[in-house]
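Visitor: I am new to this structure. Could you walk me through some of the terms used for it?

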Amino acid sequence: MKKPFIRASGLASPKQQHNWDWRAASNFIAGGAGGGLLLCAALAALAGLDAFAMRAAILLGLILIGGGLTCVWFEIGRPWRAMNVYRHFSSSWMTREAVVALTVFAAGGLALLTGASALGVLAGILGLGFLYSQARILAANKGIPAWRHSASIPLMVATGLAEGAGFLACVATFSATSSGSAVLLGLLVLIAVRAWFWKSYLNGLVADGAPDAALRVLKALGPRLLLIGHALPALAVAAALAGMPGRAALATAAGILAVAGGWVLKFTLVRRAAFTQGMALPHLPVRGKGPSGPAVKPGWKIIGQAHKV
Amino acid sequence: MTRYVMSIDLRRCVGCQTCTAACKGANATPPGIQWRRVLDIETGEFPDVRRTFLPIACMHCANPPCEAVCPTRATTKRADGLVAIDYDLCIGCANCVMACPYDARSIVHEAHFAYGDTPMASEAKRFDPDRIGVSMKCTFCVDRIDLAAITGQIPGVDPEVTPACVNSCISGAMQFGDIEDADSSVSRLLKETQHYRMHEELGTEPSVYYIWDQS
């Protein structure tokens with residue numbers, strides 16, 4: 001296959017990263033949802049979710065986290081050295097994620113075996129830790145402006161929790177107790193929280209600056225995310241809470257849409273909007289007796305120029 | 001305390017790519033991988049247009065984001081300022097590639113050679129399987145720097161212990177040396193000129209200084 005020709009001048013501009021493909025994205029997509037689900041299940045258990053639904057939620061959460069980590073294992077260049085990932089706890093969020101994952105599986109596995117609600121709550125707290133670690137992994141990457149923005153951390157946590165609540169809404173339809181309304185209310189709140197943090201993230205990114213290509217991708221996502229991930233699931237939840245017929249179907253649809261919206265958001269963030277920093281020249285060199293040229297930052301708006309969403 | 005840095009005089013660089021070729025020869029990087037590159041940047045609008053050549057590679061940051069995110073401690077910062085990679089520890093997770101704002105790192109997952117899967121004799125002789133599936137980047141020709149400790153020579157002064165790109169530069173745009181030594185050529189040059197370090201706002205404290213005008 002003929003390789004595309006890249007002009008030398010184009011190499012200075014931000015480029016879409018290709019080192020973390022769908023396998024790495026799957027870790028954030030599935031693992032984040034799994035961590036969120038564990039916490040939501042723990043909170044729902046305190047609100048009266050029955051033991052069967054609780055165990056189903058924990059099992060699903062562990063499968064999601066395990067699936068994500070398996071995907072990323074297939075991506076790394078030296079998979080048989082994977083245990084080296086535990087060597088840098090002092091500063092690497094990837095190490096911390098790996099450590100927390102072990103504790104999540106230990107607590108979650110014991111909760112499944114014993115049915116002890118205290119262990120389920122512990123797994124939920126550790127699930128939140130896993131979710132937070134994932135958010136920090138992205139934010140620590142200074143080479144990708146769309147990730148390093150501080151507003152990406154609450155956004156990643158919020159969408160993980162909303163996805164977890166979405167999964168729980170589906171699982172809770174099998175619950176024998178009356179915890180369904182609490183789960184649906186929680187889902188509604190978390191959808192609203194995610195919508196707020198998405199807006200906050202995008203506004204922050206625009207205000208602080210990012211590669212034009214990244215902003216184009218994220219701005220294009222906005223209307224779809226609003227419809228699929230926020231408006232439609234919120235309407236379905238409201239309809240279910242209002243007592244419309246087909247409550248279980250409405251709750252399931254709301255859950256699936258909340259999860260789908262979050263997964264599209266994370267795939268877009270990790271893959272499609274992940275443009276590198278690119279190069280910059282604060283001063284062009286002085287040639288002969290002429291003046292220095294203006295600052296250059298290919299692929300970015302002129303420095304200081306405001307962006308509008 | 002020694003801290004090795006590089007200065008690149010953008011006024012002198014003519015974009016000949018000799019440093020790129022010298023790096024390729026010295027480090028035997030695989031096809032498509034260049035630890036040292038010279039970017040050709042065209043700016044402005046006719047008739048006020050400019051062309052700038054920008055040599056880039058690992059900036060050997062004093063506060064390297066690649067080192068902080070590395071889960072294996074394969075990436076470390078040495079006492080002399082060089083950022084090094086232990087290929088035996090690296091798992092090829094690419095977290096450092098994402099963390100580097102200078103596009104300096106790359107990972108090759110399968111061995112490729114200039115003419116496909118079969119190496120030429122020269123490629124076979126210098127092929128390093130340890131570099132497959134792990135992160136790699138410019139080392140400031142670390143083997144030469146380490147040789148200086150044995151021979152007593154001075155990096156940046158003696159060509160045998162100076163990075164290949166600096167030795168090869170036909171216009172004298174690139175200088176290398178210890179910035180903590182006030183008498184080193186690079187220290188004197190930086191005193192006499194106006195310069196910047198790329199993406200300083202990110203707090204990486206890179207060790208490559210770009211000279212753009214006299215003081």
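Visitor: What is P31(B) in contact with, leaving aside its neighbours within four places in sequence?
Guide: In this predicted model, P31(B) contacts H112(B), F113(B) and A114(B). P31(B) sits in the loop between α1 (18–27) and β2 (37–45) of chain B. G116(B) is 85 residues away in sequence, yet the C-alpha atoms of P31(B) and G116(B) are 9.7 Å apart.

Visitor: Why does P31(B) count as partly exposed?
Guide: P31(B) has 13 C-beta neighbours inside 10 Å. Buried needs 20 or more, and exposed means 12 or fewer. The count of 13 falls in between, so P31(B) is partly exposed.

Visitor: What makes β1 and β8 of chain B a pair?
Guide: They share 5 bridges, in the antiparallel sense. Pairing requires at least two bridges, so they qualify. In this chain, I8(B) stands opposite M174(B) in β8(B).

Visitor: Which residues have the most contacts inside the largest nonpolar core?
Guide: They are A41(A), A146(A), L168(A), L187(A) and A254(A), in a core of 163 residues. Helix α1 (residues 22–46) of chain A gives the largest share of this core, 14 residues. As for L187(A), the residues it touches include A165(A), V237(A) and A254(A).

Conventions. Residues are numbered from 1 along each chain as its sequence is written. Chains are lettered from A and ligands numbered from 1 in the order in which they are written. This is a predicted model: local features need pLDDT of at least 70, side-chain atom pairs count only at pLDDT 80 or more; totals for chains, interfaces and linings use all residues. Helices (H or I, at least four residues) and strands (E, at least two) are DSSP runs, numbered from the N terminus. Two residues are in contact if their C-beta atoms, placed from the backbone, lie within 7 Å. A nonpolar core is a set of buried Ala, Val, Leu, Ile, Met, Phe, Trp, Tyr and Cys residues joined through C-beta atoms within 7 Å.
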